[in-house]
Amino acid sequence: MADKLRLAVFASGSGSNLQSIIDSCRSGSIPGEVVLVISNKKDAYGLVRAEKAGIDRHLFLRKSFSDSDTAGHHLLGILNEHGVDMIALAGYLRKLPPVVIKAYRHRIVNIHPALLPKFGGKGMYGMRVHRAVIEAGEKESGATIHYTDEIYDHGQIIEQEKIPVYPDDTPETLAARVLEVEHQLYPRVIKSLAEKILKERKQ
Ligand code: GRF
């Protein structure tokens, strides 16, 4: 019986959350291993991080497939080949094909840089989120970890951490402070989910 959870991380961007997950696995804090990194952007720095860490990488381009189901089954094949138990989305800007969401229901998590259900949904990513928070005059923002379902930023919330929004915050300063929170929160939540899945497996 494997005592480590096999994780796939999907990242379209700089992959700083991916790095915090890799580091937490390697330090033994998360009882898991990142076995696969998937991106939809060939120049994503997350792919470089994966290469440096000796982790298998895969570029997944939905448009290379005729329809969502074909794309999804291709992706499921790659996830199965790597024996992936759980998926963490970390700055992945595409919806996963529904067949993948269905196959990994309650085993796909996402991180969002605001306090959902506010400031989420299609098109709400990157600086747009932080700009919207500031423009709305919010006094608090933060990070949310939630299960992924078929709708953007919609699945059940697992955990949130709040930080204050300061009067002189810019989208950039707020983004930087939220990201610091993300780097602590995401590994912590993945650790507890991994422990839960491994425990259930043993029963
Ligand atoms: C993070 O802010 C995350 O909440 C959002 O995308 C960003 C990814 O940053 N989903 P990074 O690529 O992990 O640095």
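Along the sequence, the secondary structure elements of the chain are arranged in the order β-α-β-α-β-α-β-α-β-α-β-β-α. Six helices and seven strands are present, helices (H or I, at least four residues) and strands (E, at least two) being DSSP runs numbered from the N terminus. The model is predicted: local features need pLDDT of at least 70, side-chain atom pairs count only at pLDDT 80 or more, and totals for chains, interfaces and linings use all residues. Residues are numbered from 1 along each chain as its sequence is written, and side-chain values use heavy atoms, with hydrogens and water left out.

The C-alpha atoms occupy a box of roughly 50 × 40 × 30 Å along the principal axes. Of the 203 residues, 49% are buried, that is, under 20% relative accessible area (1.4 Å probe, protein chains only). Among contacts (heavy atoms within 4.5 Å) with a separation of 6 or more, 66% join residues 24 or more positions apart.

Helix H1 (residues 16-26) is largely enclosed by the rest of the structure, because eight of its eleven residues are buried. These buried residues are Ser-16, Asn-17, Leu-18, Ser-20, Ile-21, Ile-22, Ser-24 and Cys-25. Their packing partners are the strands E1 (5-10), E2 (32-39), E4 (86-89) and E5 (108-112), together with the helices H2 (45-52) and H6 (171-202). Just after H1, a positive phi of about 90° is found at Gly-28.

Technical notes:
Buried < 20%, exposed > 50% of the residue type's maximum accessible area, 1.4 Å probe, protein only.
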